[in-house]
Amino acid sequence: MIRIAHIGTYVPQKCGIATYTHHLRQSINGAKGWRGTDEVFAVKPGASLQRDPDSRIHEVEKEDRHAYRKLAERLNRSDIAVVSLQHEFGIFGGEAGEYVLDLVDHLEKPLAVTFHTVFEKPEEPYLRIQKRIAERSDVILVMNRLAADYLHGSLGVPREKIRCVPHGTPEPVPSMRDFTRGKLGWNGRKVLMTFGLLSRGKGLETVLQALPEVVRQVPEALYAIVGQTHPEVRKWEGESYREELQALIRELKLEDHVVMIDRYLEEQELAAMLTACDLYVTPYPGMQQITSGTLAYAVGLGRPVLSTPYAYAKDLLQDLPDTLVPPGVAEAWSGRITAVLSDPKEAERLEREIGRIGADMHWPKVGKLHLKLFNELAMERTAKQAN
């Protein structure tokens, strides 16, 4: 049984990468069918470092540059077979997370890197950093095919070095739907939902501007905007953006048709709320986004979705072009939202088709896929050493 080291942020940090790393570790352990757990090296700011009661979770101080080389040396001396690195520029120390290069440059173990951000035309310092990581890795994992094209085109990464893997998601629990709807007061409502840390530039205004026409045709429509304000946004401008949205809601006379749930949701509650909604929307105006954990979760849970055609959505929903709506066009959004919320057959069709896509995204399957890739990587290294 190969041993794997996971590097990234990790729970209980409130971070999408932390949650992803946690579930990846769990799902691989499940695929192994063993009682042990693989080790985690959690990158954290110095102020939040504390001894973890789990002896297999080790902390790495984000801004301690020497810690990255020390970690590489520690792994080199260990019986770890494969290192799985979750990469996002902001989670490592230095400019654009450049301290991670001290780790990858000195690591002698097989390295699998999951890139959570890939730019079509990366600029410095992102270009230099990501190119170096790609060169030092043995395999690169991405969550859509467009990201693979970007890596090949902008960084010259050989296509045979890149693997596309689904973004893991929870499995649906249909019995939670009625319970959660009752708890939230959603019985009798047609609920569309957006989830995520609140900040400008996510297209929420477009959905709000589309909503009066939706309400005219579907009077029971309710738009749930779920999530607390992004900490960095709150630091610089307080709650002014939330207040702007509330003012727009009043201006459009939508007080009875919009609810803002201003708090952080743990994953179990988020999954329950997604299961309870009738339609999940991601109206993002930026087309370069290559991953979206919330859209992935909605699809994995089999919910009808509508989205702008940003990179991740376009790849994930390519077999359902009618789920892709132009950014910033309120009339287009009102038409598609109304079509789904007013027609049970259309909603059932979307739920069925999206459930088919989502079936391959559930964590048990994703864990097995990763374990297969990591086993192959370990065997290739063993074969090279034997020769």
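## Burial and the aromatic pairs

Partly exposed describes a residue whose relative accessible area falls between the buried range, under 20%, and the exposed range, over 50%. F119 has a relative accessible area of 32%, so it is partly exposed. F89 is at 6%, which makes it buried. These values come from a predicted model.

F89 and F119 form a ring pair. Their centres are 5.9 Å apart and their planes meet at 20°, so the pair is stacked. F89 sits in the loop between β4 (82-87) and α3 (100-106). F119 sits in the loop between β5 (111-115) and α4 (126-136). The pair therefore ties together parts that are 30 residues apart in sequence. The structure holds seven aromatic pairs. Ring pairs also join Y68, F92 and Y99 into a cluster.

## Salt bridges across the chain

Side chains of opposite charge can pair when their charged atoms come close. The whole structure contains 31 salt bridges. One of them joins E244 and R200, at 2.8 Å from N to O. This pair links distant parts of the chain. E244 belongs to helix α9 (residues 240-251), and R200 to the loop between β8 and α7 (204-217), 44 residues apart. E244 is partly exposed at 41% relative accessibility. R200 is partly exposed too, at 40%.

R242 and D262 meet in a salt bridge at 3.2 Å, N to O. Here too, distant parts of the chain are linked. R242 is in helix α9, while D262 is in the loop between β10 (258-261) and α10 (267-276), 20 residues away. R242 is buried, at 6% relative accessibility. D262 is partly exposed, at 41%.

## Salt bridges within a helix, and a network

R216 and E213 form a salt bridge, with the closest N and O atoms 2.8 Å apart. Both residues lie in helix α7. They are three residues apart, so about one helical turn separates them. R216 is exposed, with a relative accessible area of 59%. E213 is partly exposed at 30%.

A network of salt bridges links D105, K131, R132, E135 and R136.

## Cavity and pocket

Rolling a probe the size of a water molecule over the atoms shows where empty space is left. A search of the whole structure finds one cavity of 30 Å³ or more. The largest cavity has a volume of about 60 Å³. Its lining includes T194, F195, G196, K202, I225, V226 and Y284. Strands β8 (190-195) and β9 (221-226) are the elements that give two or more residues to this lining.

The second largest pocket holds about 360 Å³ of space. Its lining has 16 residues, and R145, P166, D315, L316 and I357 lie nearest the centre. Helices α12 (311-316) and α14 (344-358) each give two or more residues to the lining of this pocket. α12 gives the most, with three residues.

## Surface patch and a buried leucine

V173, M176 and F179 form a nonpolar patch on the surface. Together they have about 270 Å² of accessible area. V173 is in the loop between β7 (162-164) and α6 (176-184). It is partly exposed, with a relative accessible area of 42%.

L295 lies in helix α11 (residues 293-300). At 0% relative accessibility, L295 is buried. L295 and D102 are 193 residues apart in sequence. In space, their C-alpha atoms are 34 Å apart.

Key: Residues numbered from 1 in each chain as written. Predicted model: local features only at pLDDT ≥ 70, side-chain atom pairs only at ≥ 80, totals over all residues. Heavy atoms only, no water. Phe/Tyr/Trp six-rings, centres within 6.5 Å; stacked < 30°, edge-to-face > 60°. Helix = DSSP H or I, 4+ residues; strand = E, 2+ residues; numbered from the N terminus. Buried < 20%, exposed > 50% of the residue type's maximum accessible area, 1.4 Å probe, protein only. Patch = residues over 30% accessible without salt bridge, like charges linked within 9 Å, V, L, I, M, F, W, Y side chains within 5 Å. Areas by Shrake-Rupley, 256 points an atom, 1.4 Å probe, with all protein chains shown as cover. Salt bridge = Lys/Arg side-chain N within 4 Å of Asp/Glu carboxyl O. 1 Å grid on protein atoms, 1.4 Å probe; cavity = no way out; pocket = protein on both sides within 12 Å on 5 of 7 lines; lining within 4 Å. Points joined across faces, edges and corners; volume = space filled by probe spheres on them.
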